[in-house]
Amino acid sequence: MAKESVIVIGGGVAGIGAAVRLLRQGYKVTLVERRGFLGGRAYSYNKTDAPPLDNGLHVTLGCYNYYLDLLKTLDAEDPIEFQKEFAIVYRGCLNGKSVNTTVKALPLPAPWHLFFALLRTPEFSLKDVAYACRMGGALWQRHRVAANVTVTQWLDQLKQPTILRELFWQPITHAALNRHVDFASAKLLAEVLFRTFLKQRRLSAIGIFKKNLSNVHGRPAERFIRHNGGSLILKQGIRKLLMGSRGIEGLITDDGQQLRADYYISAVPHYRFMDWVDEEMQRCWPESKSFAALGTSAIINIYLRYTDKPLADPFVCLLGSQVEWVFDVSSLSDSKYLLSFTISDANRYLEKTTEELANLAHVALRSLFPTSCPEKYDKAWVTKERRATMEHTPENEQYRPGVDTPFSNLLLAGDWTHTGLPCTLEGATQSGYCAADRLIEQTKGITTR
Ligand SMILES: Cc1cc2nc3c(=O)[nH]c(=O)nc-3n(C[C@H](O)[C@H](O)[C@H](O)COP(=O)(O)OP(=O)(O)OC[C@H]3O[C@@H](n4cnc5c(N)ncnc54)[C@H](O)[C@@H]3O)c2cc1C
């Protein structure tokens, strides 16, 4: 006999995670998604005259336990290529000195794998590595990192040397928190570093998708939901939550239909949740108006196609450049040599044209790889995700809501909720699982209707 009915609003990774978890427990699940496909902010698109492209290059880590579990459940066939050992290749210029180095972990238990990697990196002195160990100590005590401290302030407190900051901590912070170190939350970074480097060696491995994102979780999730008795309503947004004395009594869709269920899980981003926050909602839930303060931070991806192989490594961190990372994504397209460049915390680049951004990336690459990089690129495409993540500042951490709401039958999921992690595939999946688990806990003992 079927358990309670649940409507999950939003078909990103958080909504998929919640729906999948509940379907496996026998709940009657309907997932409503405004767009015509699942995947949310992690999707692929087809443009005329372009190979299938992801809306943004997504990196995963060995420590993405929730997300990897979701992929396993969806039966996504081995879609990620993980490094054997954590390694980052760096090229560029720091303080007028050119850098051409690799930080590569050793096959040793964590955290020694990283300790010896730093020790073997010529740019770091013994003293620098000693300061890195001090950071390691602080990570074990990460609950002590003050909530109001930025990454820069925290690195100052830990007396981190300039070279360690500029070569190691800063690029990681930008990539993981999508915010400059001067503004990013130290507490969030500490959690990321702890999960990545301190527990087990394999958890530090960086994973790059071998398939386009829509084939990794979007389409497999659609199949899973349909094959497991769930319903999918696509191309239909939820315009309003109907509040009643007993909680949420229904939903109004964009075209005016009413949808009803026993329980509701919102898995839409905070800036979409705000569309539902009216005076009535604020009366019941005063904190809801502060979700707008979470802000948004952009990520830009620049795809450049070349006729000759421009890069020998799978990805490189470009130091001292406006474009921070470059990935070889040729295997994702049937075109020859396709590179994806990422600019994080990119709000100030949003007004630049495709040509300007393409040139920025090409000039950066050519200056660092003058022999391998062809004189010209063949074709360029740019994706600008204006609202890629919330702004991960210390102040904003206090506004991230938990899974519970004042409405007994409404639960919250989404990367922006209080996961202890930045907005990532992992944080989003964790939030979806957490909402599903809370619902399961709440309905324990309640039988059929
Ligand atoms: C360019 C870019 C690069 C990124 N890089 C990485 C990375 O390298 N590694 C990493 O781990 N993470 C990365 N992320 C972050 C990651 O993609 C997100 O954290 C994650 O996908 C968010 O999932 P979500 O389900 O919480 O939200 P979303 O994916 O935003 O899903 C919400 C869904 O709700 C739908 N929706 C909204 N309003 C309504 C409504 N009213 N009714 C019905 N449906 C609605 C939306 O259409 C959407 O499908 C990146 C994100 C971007 C944009």
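Colleague: Over how many bridges do strand β14 and β20 pair?
Modeller: This is a predicted model, in which local features need pLDDT of at least 70, side-chain atom pairs count only at pLDDT 80 or more, and totals for chains, interfaces and linings use all residues. Residues are numbered from 1 along each chain as its sequence is written. Strands (E, at least two residues) and helices (H or I, at least four) are DSSP runs numbered from the N terminus, and two strands pair if DSSP finds at least two bridges between them. Strand β14 (residues 263-266) and β20 run in the parallel sense, with Y264 opposite L410 in β20, and the pairing extends over three bridges.

Colleague: Which strands stand at the edges of the five-stranded open sheet?
Modeller: The order in this sheet is β10-β2-β1-β14-β20, with parallel pairing. An edge strand has a single partner, so one side of it is left without a neighbour in the sheet. The two in that position are β10 (231-233) and β20 (410-412).

Colleague: What is the average twist from one strand to the next in that sheet?
Modeller: Angles here run from 0 to 180 degrees between N-to-C directions, and axes are lines fitted to C-alpha atoms, for helices over the stretch in contact. For the sheet β10-β2-β1-β14-β20, the twist averages 20°.

Colleague: What angle does the direction of α13 make with that of β20?
Modeller: Contact between two residues requires their C-beta atoms, placed from the backbone, to lie within 7 Å. α13 packs on the sheet and touches β1 (5-9), β14 and β20. Its direction and that of β20 make about 150°.

Colleague: How are α2 and α13 oriented to each other, roughly parallel or roughly perpendicular?
Modeller: The axes of helix α2 (residues 65-73) and α13 come within 7 Å and cross at roughly 70°. The contact joins Y66, Y67 and L70 of α2 to L425, E426, T429, Q430 and Y433 of α13. Angles under 35 degrees count as roughly parallel, over 145 as roughly antiparallel, 65 to 115 as roughly perpendicular and the rest as oblique. α2 and α13 are therefore roughly perpendicular.

Colleague: How many nonpolar residues does the contact of α6 with α7 have?
Modeller: Helix α6 (residues 162-177) and helix α7 (residues 186-198) pack at an angle of about 100° with axes 11 Å apart, which means that α6 is roughly perpendicular to α7. T173, A176 and L177 in α6 meet L188, L189 and V192 in α7. Ala, Val, Leu, Ile, Met, Phe, Trp, Tyr, Cys and Pro count as nonpolar, Asp, Glu, Lys and Arg as charged, and the others, Gly among them, as polar. By these classes the contact of α6 with α7 has one polar residue, no charged residues and, as nonpolar residues, five.

Colleague: How many residues does domain 3 give to the contact with domain 2?
Modeller: The protein is divided into domain 1 (5-46 + 64-76 + 211-295 + 393-443), domain 2 (105-201) and domain 3 (297-389), with bounds from an automatic or database domain assignment. The C-alpha centres of domain 2 and domain 3 lie 26 Å apart. Domain 2 puts seven residues into the contact, and domain 3 puts in ten.

Colleague: Between which domains does the shell around the ligand lie?
Modeller: α1 (13-24), β15 (297-306), β19 (379-389) and α13 (425-443) each supply at least two residues of this shell. By class, the shell has 15 nonpolar, 13 polar and eight charged residues. Two domains both give residues to the shell, so it lies between them: domain 1 and domain 3.

Colleague: Which residues come nearest to the ligand?
Modeller: A residue is near a molecule or strand if its C-beta atom, placed from the backbone, lies within 6 Å of it. There are 36 residues around the ligand, and those that come nearest are G10, G12, G40, G56 and T424.

Colleague: Which residue takes a positive phi in the hairpin of β12 and β13?
Modeller: β12 pairs with strand β13 (residues 258-259) in the antiparallel sense over two bridges, and I252 stands opposite Q258 in β13. Four residues lie between the strands of this hairpin. The residue with a positive phi, near 90°, is G256.

Colleague: How many residues join β11 to β12 in their hairpin?
Modeller: Strand β11 (residues 238-244) and strand β12 (residues 247-253) run antiparallel and are joined by six bridges. I238 stands opposite T253 in β12. The hairpin passes from β11 to β12 through two residues.
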